[in-house]
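Visitor: I would like to learn how to read the features of a structure, one at a time. Can we begin with contacts?
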Amino acid sequence: MRKQLMKGNEAIVKSAILSGCRAFYGYPITPASEIAEAAALYMPKAGGVFLQAESEVAAINMLYGASSAGVRCMTASSGPGISLMQEGISYLAGAELPCVIADITRGGPGLGNIAAEQSDYHQVVKGGGNGNYRTLVLAPSSAQEMADLTSLAFDLADRYRNPVVVLADGFVGQMMEPVEFPREATPPHVPDWAVTGTGVSRQNFITSLHLDPDELEAHERDLETKYRCAEQREVRAEESRTEDAEIVLVGYGIVGRILKAVTTEARAEGIKVGVLRPITLYPFPAAHFRKLAGRAKVFLVVEMSNGQMIEDVRLALNGARAVEFFSRLGGNCPSHAEVLSLVRQLAQRIPSAKMRKEEVLVHA
């Protein structure tokens, strides 16, 4: 199929429809508003439903109803709106109802501003609602990945009967890039566990309420088993030039792209540096870090937050290697020059990270 030039936000909606999504409930908020706008345009043309809810609280509970009926459904928002959805997300996870939630992150806390940040990591990855639950979280770094990971999100949501979040910073949502979609669409289908108003489906009682302590404990153990399974099967990460890297740069979303550019220039200077970009933030690619720790001397985590993913990096490494940190906040993006300067400083502290002249010529 011919590539189309579009924003990452629009790519999400087109991919959702091709993935069999037929219901979108949402409330506009910058920098995610183009998702609702595109859903309003395209969803009815595909025979689906678009509804602008009166609030984010209403939108997430509409997903509960649509998912219960077996409809692939989604919503989209940004930090303040995602905050309002937390109770509903907990209900969806507790009732084992699949849905996709796009979080196009903006500056915070509170109203913050409308510029891009990565400050929703804790809220989304750790679970901002009540109870013992997790959401699977995918972090695209391009408009193409906004499409590809949205399709994956719907498959994972159905596979694990659980909410899946596509977590993208505002840069990725707003930038325009060529996007290619699959030639064939996934037709909508109704799963056998859904409640469809028929006598056959009457037995499919869906709830997150378990008043008996033993019953609730058994339910939570089942959820825990499901999440452990996802941790074994669904980890995704991208490595770039890590084979001999003694300095490993770590970042997701738009930051991952900046780190690749830094790596290219640092390698030209003879510095043994590589990039590890987590694609699944939950389940977190801890095994990738442990593998790279066998050679790397230091990991440099770069985030557009005050340091949130870095906690998972430290847990994954468990003290095996030093972890350095650099960030920009408030909608400021770490620049190529800033990160490269830090890499040069680290290379001076780690003499072996500097390649010999003949090695540089071989790799050039």
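Guide: Start with one residue. Setting aside neighbours within four places in sequence, Glu 269 is in contact with Leu 340, Arg 344 and Lys 354. Contact here means heavy atoms within 4.5 Å. This is a predicted model: local features need pLDDT of at least 70, side-chain atom pairs count only at pLDDT 80 or more, and totals for chains, interfaces and linings use all residues. Residues are numbered from 1 along each chain as its sequence is written, and side-chain values use heavy atoms, with hydrogens and water left out.

Visitor: Where does Glu 269 lie?
Guide: Glu 269 is in the loop between helix 9 and strand 11 (273–278). Helices (H or I, at least four residues) and strands (E, at least two) are DSSP runs, numbered from the N terminus.

Visitor: Is Glu 269 buried, partly exposed or exposed?
Guide: Go by relative accessible area: buried means under 20%, exposed over 50%, and partly exposed in between (1.4 Å probe, protein chains only). Glu 269 has 28% relative accessibility, so it counts as partly exposed.

Visitor: How do I read a pair of aromatic rings?
Guide: A pair is described by the distance of the ring centres and the angle of the planes. Rings of Phe, Tyr and Trp (its six-membered ring) pair if their centres lie within 6.5 Å; planes under 30 degrees apart count as stacked, over 60 as edge-to-face and the rest as tilted.

Visitor: How many aromatic pairs does the whole structure have?
Guide: The search finds four. Take Tyr 121 and Tyr 252: their ring centres are 5.9 Å apart and their planes are at 45 degrees, so this pair is tilted. Tyr 121 lies in helix 5 (residues 121–125), and Tyr 252 in the loop between strand 10 (247–250) and helix 9 (254–268), so the pair ties together parts that are 131 residues apart in sequence. Tyr 121 is buried at 0% relative accessibility. Tyr 252 is buried too, at 3%.

Visitor: How are the rings of Phe 284 and Phe 289 arranged?
Guide: Their centres are 5.4 Å apart and their planes at 10 degrees, so the pair is stacked. Phe 284 and Phe 289 are both buried. With Phe 299 they form one aromatic cluster.

Visitor: What about a charge over a ring?
Guide: Here the test is that NZ of Lys or CZ of Arg is within 6 Å of the ring centre and within 35 degrees of the ring normal. Arg 134 lies over the face of Tyr 282, at 3.9 Å from the ring centre. Arg 161 lies over the face of Trp 193, at 4.2 Å from the ring centre.

Visitor: What does Arg 134 touch, not counting residues up to four places away in sequence?
Guide: Arg 134 touches Val 125, Asn 162, Tyr 227 and Tyr 282. Arg 134 sits in the loop between helix 5 and strand 6 (136–138).

Visitor: Which backbone angle stands out at Arg 161?
Guide: Phi. Arg 161 has a positive phi of about 45 degrees although it is not a glycine. Its loop runs between helix 6 (143–160) and strand 7 (163–169). Arg 161 is partly exposed, at 24% relative accessibility. Asn 318 also has a positive phi, near 50 degrees. Asn 318 is exposed, with a relative accessible area of 67%.

Visitor: Which peptide bond at Pro 31 is cis?
Guide: The bond from Thr 30 to Pro 31, with omega near 10 degrees. Pro 31 is in the loop between strand 2 (23–26) and helix 2 (33–42). The bond from Gly 108 to Pro 109 is also cis, with omega near 5 degrees.

Visitor: How do I read two packed helices?
Guide: Use the angle between their axes and the distance between the axes. Axes are lines fitted to C-alpha atoms, for helices over the stretch in contact, and angles run from 0 to 180 degrees between N-to-C directions. Helix 3 (residues 56–68) and helix 4 (residues 79–94) pack at about 25 degrees, with axes 8 Å apart. That makes the two helices roughly parallel. Angles under 35 degrees count as roughly parallel, over 145 as roughly antiparallel, 65 to 115 as roughly perpendicular and the rest as oblique.

Visitor: How do helix 1 and helix 2 pack?
Guide: Helix 1 (residues 8–18) and helix 2 pack at an angle of about 40 degrees, with their axes 8 Å apart. They are therefore oblique to each other. Residues in the contact include Ile 12 and Val 13 of helix 1 and Ala 38 and Tyr 42 of helix 2.
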